[in-house]
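Here is a short tour for you, arranged by topic so that you can follow along in your viewer. Have the sequence and the coordinates open side by side.

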Amino acid sequence: FEDPALGAELRARHTFWQQTDFMGFDLTPALPFAEEQQLKEMVLDIVEPEELLIAPEDAPGHGLDLVSPTDPEVWRKIEFQVEFPSREKDALIDGICGWWDAIFSGDCMGEKPPVLSTAPGAPPTVWAQCRFLLNKPLPVAATDKLTAWCELRTHKQRESYSLKMEVVNETTKRVARVGPVELSNVYARHFAKPNSFPVVDADGVAADGGTGGGRRAPLGL
């Protein structure tokens, strides 16, 4: 996604540490640490499909089998790579948007198993989308080949995962990175601004037509 306003908003949270005379103390030496800590936060937000450079239904994803593996070592490190489709325009990418879909498959579920999707544009749930800011904006042309490598490692103290990503413009060889981000360290941005929760009908479609009806991409980035 492109969202320079988000970066500016997050940087504005550090104005306290820009003071050179806070009761006689110069706080600016702590500013780099505050900015570094900010990049380790996962930003939870309500993201509309039109805010993304790729439609949610076209987003690449990685599937996880949550039933079969019995060895706990399988979950200590999860690593995968995805390739993004071409975009409609050139862009300066500020970050990656992530979400998850739960596919309830099995012999009793039929040919089209039900899907619980938290994608932008899907019927609303209690879950928001995740935004991961790059350490620097990444310029890409609409047809540039763009890939992302993602690694999740268990964090024993937090009982969660630490996430790292590397986003590569394979055409220009420019690279931008995410993290490490502690997934339990959350900035709930959607709670910090007013968001009217849409009214949905019996089929889960938003009454205003603005937040329902999107197709789903498993664990899209």
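In this predicted model, the side chain of serine 117 comes within reach of the backbone nitrogen of alanine 119, at 3.1 Å.

**Around serine 117**

- Serine 117 belongs to strand S5, which covers residues 115–117.
- Its side chain also makes a polar contact of 2.8 Å with the side chain of aspartate 101.
- Is serine 117 buried or exposed? With a relative accessible area of 4%, serine 117 counts as buried, because the cut-off for that class is under 20%.

**The four-stranded sheet**

- Which order do the strands take in the open sheet? The four strands are arranged as S3-S6-S1-S10, with mixed pairing.
- At the edges sit strand S3 (91–98) and strand S10 (186–188), each of which pairs on one side only.
- On average, and ignoring direction, neighbouring strands of this sheet are turned by 40 degrees against each other.

**Strand S3 and its partner S6**

- Strand S6 spans residues 129–140 and pairs with S3 in the antiparallel sense, over seven bridges.
- S3 is an edge strand, yet seven of its eight residues are buried, so S3 is largely enclosed by the rest of the structure.

**Helix H1 against the sheet**

- Helix H1 covers residues 4–12.
- H1 lies across S1 (42–45), S3, S6 and S10.
- The angle to pick out here is the one with S6: H1 runs at about 110 degrees to that strand.

**Phenylalanine 16 in the loop**

- Where is phenylalanine 16 found? Phenylalanine 16 lies in the loop that links helix H1 (4–12) to helix H2 (31–38).
- Phenylalanine 16 is partly exposed, and its relative accessible area is 36%.
- Setting aside neighbours within four places in sequence, phenylalanine 16 is in contact with Phe22 and Leu27.
- Phenylalanine 16 and leucine 31 are 15 residues apart along the chain, and their C-alpha atoms are separated by 8.8 Å.

Key: Residues are numbered from 1 along each chain as its sequence is written. This is a predicted model: local features need pLDDT of at least 70, side-chain atom pairs count only at pLDDT 80 or more; totals for chains, interfaces and linings use all residues. Side-chain values use heavy atoms; hydrogens and water are left out. Helices (H or I, at least four residues) and strands (E, at least two) are DSSP runs, numbered from the N terminus. Buried means under 20% relative accessible area, exposed over 50%, partly exposed in between (1.4 Å probe, protein chains only). Contact means heavy atoms within 4.5 Å. Two strands pair if DSSP finds at least two bridges between them. Axes are lines fitted to C-alpha atoms, for helices over the stretch in contact, and angles run from 0 to 180 degrees between N-to-C directions. A polar contact is a pair of N or O atoms within 3.5 Å; within protein, one must be able to donate a hydrogen and the other to accept it, and residues adjacent in sequence count only if both atoms are side-chain atoms.
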